[in-house]
Amino acid sequence: QVQLVESGGGLVQAGGSLRLSCAASRRTAMGWFRQAPGKEREFVSAISWSGGSTYYADSVKGRFTISRDNAKNTVYLQMNSLKPEDTAVYYCAAAVGVVAGTRLDYEYDYWGQGTQVTVSS
């Protein structure tokens with residue numbers, strides 16, 4: 001079992017920044033996904049067990065940065081230059097059987113409760 005607790009969502013104007021945090025009960029490869037109203041859940045970013053490898057969706061590359069503090073078992077998603085189309089519920093997820101990190105949602109075993117990010121224009 002892996003417990004995940006997310007924090008850091010909120011309301012921000014376009015061009016602004018937010019940082020999401022996901023505290024895990026143990027260390028695994030981690031990912032962030034998001035789901036906007038009426039849309040399917042989509043991959044945002046992932047980080048390997050060690051933190052040495054990171055992955056991004058094309059839509060966020062250059063604006064979002066994923067990182068982790070292994071001493072705290074916490075993963076962060078720094079979101080800069082936010083756009084209205086980034087509005088969604090953001091979920092962190094843990095992949096127990098994956099070391100390198102993955103973009104595939106079915107490879108994640110545990111999911112956080114979600115945190116709302118709203119970007120106003």
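The structure is a predicted model, in which local features need pLDDT of at least 70 and side-chain atom pairs count only at pLDDT 80 or more, whereas totals for chains, interfaces and linings use all residues. Residues are numbered from 1 along each chain as its sequence is written, and side-chain values use heavy atoms, with hydrogens and water left out.

Four strands form an open sheet in the order β1-β3-β8-β7, with antiparallel pairing; strands here are DSSP runs (E, at least two residues), numbered from the N terminus, and two strands pair if DSSP finds at least two bridges between them. The edges of this sheet are β1 (4-7) and β7, each of which pairs on one side only. From one strand to the next the twist averages 15°, where axes are lines fitted to C-alpha atoms and angles run from 0 to 180 degrees between N-to-C directions. Within the sheet, the antiparallel strands β7 and β8 are joined by six bridges, and Ser-67 has Tyr-76 in β8 as its bridge partner. In a regular strand the side chains alternate between the two faces of the sheet.

A further set of pairings involves β9 (88-95). Seven bridges join β9 to β4, and the two strands run antiparallel; in this region Met-30 stands opposite Ala-94 in β9. The pairing of β9 with β11 is likewise described as antiparallel and extends over three bridges, with Gln-116 in β11 as the bridge partner of Val-89. Two bridges also join β9 to strand β10 (residues 110-111), again in the antiparallel sense, and Ala-94 stands opposite Tyr-110 in β10. Strand β9 is mostly covered, since six of its eight residues are buried; buried means under 20% relative accessible area, exposed over 50%, and partly exposed in between (1.4 Å probe, protein chains only).

The largest nonpolar core has 35 residues, and those with the most contacts inside it are Leu-4, Trp-32, Phe-64, Leu-77, Met-79 and Tyr-90. Such a core is a set of buried Ala, Val, Leu, Ile, Met, Phe, Trp, Tyr and Cys residues joined through side-chain atoms within 4.5 Å. The elements that give two or more residues to this core are β3 (18-24), β4 (29-35), β5 (42-47), β7 (64-69), β8, β9 and β11 (115-120), and β9 gives the most, with six residues. When residues up to four places away in sequence are not counted, Leu-4 touches a set of residues that includes Cys-22, Met-30, Cys-92 and Trp-111, contact meaning heavy atoms within 4.5 Å.

The structure holds one disulfide, a term that denotes a pair of cysteine sulfur atoms within 2.5 Å. It joins Cys-22 to Cys-92, with an S to S distance of 2.0 Å, and the link is right-handed, with 50° about the S-S bond. Because Cys-22 lies in strand β3 and Cys-92 in strand β9, the pair ties together parts that are 70 residues apart in sequence. Both Cys-22 and Cys-92 are buried.

Thr-74 is found in strand β8 (residues 74-79) and counts as buried because its relative accessibility is 10%. Its side chain reaches the backbone oxygen of Lys-72 at 3.0 Å. With neighbours within four places in sequence left aside, Thr-74 is in contact with Ser-21, Cys-22, Ala-23, Ser-67, Arg-68 and Asp-69.

Thr-115 is placed in strand β11, and at 11% relative accessibility Thr-115 counts as buried. A polar atom of the Thr-115 side chain lies 3.2 Å from the backbone nitrogen of Gly-9. Apart from residues up to four places away in sequence, Thr-115 touches Glu-6, Gly-8, Gly-9, Leu-20, Ala-88, Val-89 and Tyr-90.

Gly-114 is found in the loop between β10 and β11, and with 17% relative accessibility Gly-114 counts as buried. Residues up to four places away in sequence again not being counted, Gly-114 touches Glu-6, Val-89, Tyr-90 and Tyr-91. The C-alpha atoms of Gly-114 and Thr-102, which are twelve residues apart along the chain, are separated by 19 Å.

Note on methods
A polar contact is a pair of N or O atoms within 3.5 Å; within protein, one must be able to donate a hydrogen and the other to accept it, and residues adjacent in sequence count only if both atoms are side-chain atoms.
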